[in-house]
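Trainee: I would like to go through this model pair by pair and then look at how the chain packs. Can we start with the charged side chains?

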Amino acid sequence: HYNSCQECCQVYIMENSVKIIDGFLPTDEFLELKELIFSQKIPWFYKAEISHEHEKDSLNSYLAHFLYKDDASIDCETDRGMWSQLFDTFNPVVTKIKEYDDEFHTLLRMKANLYLRTETLQVHEWHADYDFSHKGILLYFNTNDGYTELHDGTKIESIENRAMFFDPGKQHRSTNCTDQKARFNLNVNYL
């Protein structure tokens, strides 16, 4: 079912405790972030594995830009906290998360993802972002035929300025796309 909220967004609350918000950010804030994500001002880094559960012979890979990490066990030995000079630019996302979740305590990780287009859709491996229950959102930067699939089989379409609130400690998986040059999203994990 759906409820309306400020700034003409639509909120869909699903049976599996997933919340979908279309029009998550005000248009001007969203377009500023989208312009940055699609620009040459953001450095992208090659990730040979989609997740820690990456299949040995899988050819799936992607590009990422880590904005923030508070878990030294993931992809680094000792560095914690802000990873990117662009972190502050993404503050509107954190502010908006806090508007929807008054139990927000601390940021665990924030990273932008870029999945390159292929002729056939690549469905990535099942994974959990962390091995414990926590909160997270995916913010989609462009509309395309890619999706996020949840552990119960629910598929969330990639729609521009759509946010999905869910528990990324549960199994889920991503895809790339076939109808745009790339699929872009922002992954935010928090407690």
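Trainee: In this predicted model, which residue forms a salt bridge with glutamate 160?
Mentor: The closest N and O atoms of the pair are 2.5 Å apart. The partner sits in helix α1 (residues 27-37), whereas glutamate 160 is in the loop between β10 (155-157) and β11 (162-166). The partner of glutamate 160 is lysine 34.

Trainee: Is lysine 34 buried or exposed?
Mentor: The cut-off for buried is under 20% relative accessible area. Glutamate 160, at 32%, is partly exposed. Lysine 34 has a relative accessibility of 19%, and therefore it counts as buried.

Trainee: Which residue pairs with aspartate 129 in a salt bridge?
Mentor: Aspartate 129 lies in the loop between β7 and β8 (135-140), and its partner is in strand β7, 20 residues apart. Both residues are buried. Their closest N and O atoms are 3.3 Å apart. The partner is arginine 109.

Trainee: Arginine 117 and glutamate 119 also meet in a salt bridge. Is glutamate 119 buried or exposed?
Mentor: The N to O distance in this pair is 3.2 Å. Arginine 117 has a relative accessible area of 37%, which means it is partly exposed. The cut-off for exposed is over 50%. Glutamate 119 is at 65%, so it counts as exposed.

Trainee: Which residues are linked with Glu103 in a network of salt bridges?
Mentor: Glutamate 103 is found in the loop between α2 and β7, and its relative accessibility of 48% makes it partly exposed. Its side chain makes a polar contact of 3.2 Å with the side chain of lysine 135. Glutamate 103 and lysine 135 are 32 residues apart in sequence and 9.9 Å apart in space, C-alpha to C-alpha. The residues linked with Glu103 in the network are Asp101 and Lys135.

Trainee: How many salt bridges does the structure hold?
Mentor: Side chains of opposite charge can pair when their charged atoms come close. The pairs discussed above include glutamate 160 with lysine 34 and aspartate 129 with arginine 109. For the structure, the number of salt bridges is 8.

Trainee: Which side chains make polar contacts with the side chain of lysine 111?
Mentor: Lysine 111 is in strand β7 (residues 107-116). At a relative accessible area of 5%, lysine 111 falls under the 20% cut-off and is therefore buried. Beyond four places away in sequence, lysine 111 touches residues including His65, Phe66 and Asn185. Its side-chain polar contacts are 2.7 Å to tyrosine 62 and 2.8 Å to asparagine 113.

Trainee: Within what arc do the buried residues of helix α2 fall?
Mentor: The buried residues of α2 (residues 91-100) are Val93, Val94, Lys96, Ile97 and Tyr100. Seen down the helix axis, they line one face of α2, because they fall within an arc of 165°.

Trainee: What share of the residues in the protein chain is buried?
Mentor: The chain has 2 helices and 13 strands. Of its contacts with a separation of 6 or more, 69% are between residues 24 or more positions apart. The chain exposes about 9,900 Å², of which carbon and sulfur atoms supply 48%. Of the 191 residues, the buried share is 52%.

Terms used: Residues are numbered from 1 along each chain as its sequence is written. This is a predicted model: local features need pLDDT of at least 70, side-chain atom pairs count only at pLDDT 80 or more; totals for chains, interfaces and linings use all residues. Side-chain values use heavy atoms; hydrogens and water are left out. Helices (H or I, at least four residues) and strands (E, at least two) are DSSP runs, numbered from the N terminus. Buried means under 20% relative accessible area, exposed over 50%, partly exposed in between (1.4 Å probe, protein chains only). A polar contact is a pair of N or O atoms within 3.5 Å; within protein, one must be able to donate a hydrogen and the other to accept it, and residues adjacent in sequence count only if both atoms are side-chain atoms. Contact means heavy atoms within 4.5 Å. A salt bridge is a side-chain nitrogen of Lys or Arg within 4 Å of a carboxyl oxygen of Asp or Glu. The arc is that of the directions from the helix axis to the C-beta atoms. Accessible areas come from the Shrake-Rupley method with a 1.4 Å probe; for residues, only the protein chains shown count as cover.
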